[in-house]
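Please work through the exercises below with the sequence and the model open side by side.

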Amino acid sequence: AQRPAGAGEVDATVHAADAPFTENTTVLEGADRRPQTSLDGEWRSIVDPYFAGLYSFHHEIKKDGWFKDQRWGGVGDNRLFEYDFAKSPTLHVPGDWNTQRDSLFFYEGALWYQRDVEWTPVAGKRVFLHVGSANYKSWFWVNGEKVCQHEGGFTTFDCEVTAQLKAGANSIVAAVNNQRLPDGVPTLETDWWNYGGLTRSVALVEVPESYIAGYDLHVDRATRTKIEGWVQVVGAKAGERVSVSLPELKAGATATVGADGRAAVSFAPRGLELWAPGAPKLYKVDLMAGKDAIHEEMGFKTIETRGTEILLNGKPIFLRGICIHAEAPLRTGRVNSEKDVDTLLGWAQELGANYVRLAHYPHDEKMTRAADRMGLLVWSEIPTYWAIAFDNPAVLAKAKQQLHEEIARDRNKASIGLWSIANETPSTPARTQFLTALAAEVRLLDRERLVTAALLVRGVGEHEKVVDDPLGAALDVVGMNEYIGWYEGKPETADTMHWTIKYDKPVIVSEFGGEGKAGLHGAATDRWTEEYEAAIYQHQLPMLAKIPQVRGLSPWILMDFRAPYRQLPGMQDYFNRKGLISDQGQKKAAFGVLQKAYLGGYGKAD
Ligand code: GCB
């Protein structure tokens, strides 16, 4: 355990008393398809490195913390308040704080947000605060009353505020703390910038008293013509009717809700066109239950494995992909707009990709919606990254929570093909037990997608690589990362490498690559040049094509991204430069190498 920084920081005991940290949050599935009152825009902000707004000098939770949003009335007002939101500068939501104010670039700690909202309550409606993401821990209050708290910086969650919102003006306060924690998911080490704050959109969402809380509609693997699944209704009476319809095919079904609030749905529309990269057919799907309705847009596909093959809609597919971080193109910072998403996925399509690995955490929902529309198969991941505290059951609970939130939000996205439970974890018995439990959890939540993880590979001498991490047994598809030519050997080391893969399962090379600075030219033997990076691709592609189990690639990475580890002045300057494209949008030579291979049908199979 590491010593907490700052007098007001949450120490180990307080942290334990807070456990489980997440309280009163849920996931309203399909929230982005419901009418919303956006809370995006300018919020007042107070930087609070000692978290003095929440904790007293003896580290007790304050009764009259800054969440009360009280204000000193000026000369003559003898009450004592040592903060004032109304006189504090603003930050934009959605947005990481680091790229909005120079003094917050390296900030890791607590920060307060406040804004006013005019509201007219409607009888018979419930209201939720819909938070796209808040990195890493967050607390929310409405009119001084606490409504929820949440842990996990990349998942979307909802917090009910019906009882606290009143007619007229309301004050909404959030505290967000992005301090890295030994028992966090992720933990202290990550090769990406720890962007803090309300990094994605925030909105109020109204639903009827009895509402559709979740649903899972997919086409069955056996016939690939029957749509089946369930709709979950909160507050429904047993026997209440639910309907699902696809107007375009004049098809649908009605079903009744059981005692558990769930209605099983099954129907076989005539002429159902399946979703696939290159033919991303989406249908309008109307879900109704009592007074509630959600108007979805969904695609239907099947994905499964057969021996070492990946089958999409029953046919073998090779995944020509690329890894993507949620780093915003051209301006840096966290991705949060349609424009960011269109730029990144547009580049992936230009590259000839049919698949993207959204590393290393769930991305903005705009991203998976766009992947649905553009026809890119998605690998979605939770930040079980490197050496998190695998021996701590509380950490397993946090990882499971993030998995639940990720899958609840995206289980109806046609683009999602793979749920990844980890990246480059150390092979220890505690790790294997932890991740085997996560794999089982995925299968409880979603049987329609494949379970994967990016494993480390083992070197035997200089010319042999072995993939035999015991975690492979728990996966449907084995992901593996390797950096021949960058962290070890030279680009041409790949030419004579011999690979042994110990599973009869499909393998995705989830990462390979090397750094190159855009505009820096030289010999293919000179590290940091575009030519060196391109040479890595030139030697990797033929090597990987010879491994019989390989069914896909997602090299590291589409675009350069900010990373605290990467400091070499003049070359990195806090950027990991393994992008095919620079953070300013310049395509490097390696982009052309991979594009040529992909457009030439690398790996074939579809
Ligand atoms: C990896 C990690 C990725 C890093 C990359 C690198 O293996 O999965 O997060 O950024 O290597 O550049 O070293």
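The exercises go from the domains to the cores, then to one residue and the ligand.

Residues are numbered from 1 along each chain as its sequence is written. The model is predicted, so that local features need pLDDT of at least 70 and side-chain atom pairs count only at pLDDT 80 or more, while totals for chains, interfaces and linings use all residues.

**Exercise 1.** Describe how domain 1 and domain 2 meet.

Solution. Begin with the division of the chain into domain 1 (12-208), domain 2 (211-301) and domain 3 (316-599), with bounds that come from an automatic or database domain assignment. The C-alpha centres of domain 1 and domain 2 lie 34 Å apart. Next, look for contacts, that is, pairs of residues whose C-beta atoms, placed from the backbone, lie within 7 Å: eight residues of domain 1 are in contact with 10 residues of domain 2. On the domain 1 side, these residues comprise three nonpolar, one polar and four charged, where Ala, Val, Leu, Ile, Met, Phe, Trp, Tyr, Cys and Pro count as nonpolar, Asp, Glu, Lys and Arg as charged, and the others, Gly among them, as polar.

**Exercise 2.** Find the residues that touch the most other members of the largest nonpolar core.

Solution. A nonpolar core is a set of buried Ala, Val, Leu, Ile, Met, Phe, Trp, Tyr and Cys residues joined through C-beta atoms within 7 Å. A residue is buried if 20 or more other C-beta atoms, placed from the backbone, lie within 10 Å of its own, exposed if 12 or fewer, and partly exposed in between. A second, separate core has 68 residues, including L91 and L287.

**Exercise 3.** Why is Q36 classed as partly exposed?

Solution. Q36 has 17 other C-beta atoms within 10 Å, and therefore counts as partly exposed. Leaving aside neighbours within four places in sequence, Q36 is in contact with H130, A203, L204 and V205.

**Exercise 4.** Classify the residues around the ligand.

Solution. The shell contains D191, H360, N423, E424, N481, E511, W556, N576 and K578, each with its C-beta atom, placed from the backbone, within 6 Å of the ligand. They divide into one nonpolar, four polar and four charged.

Terms used:
Contact = placed C-beta atoms within 7 Å.
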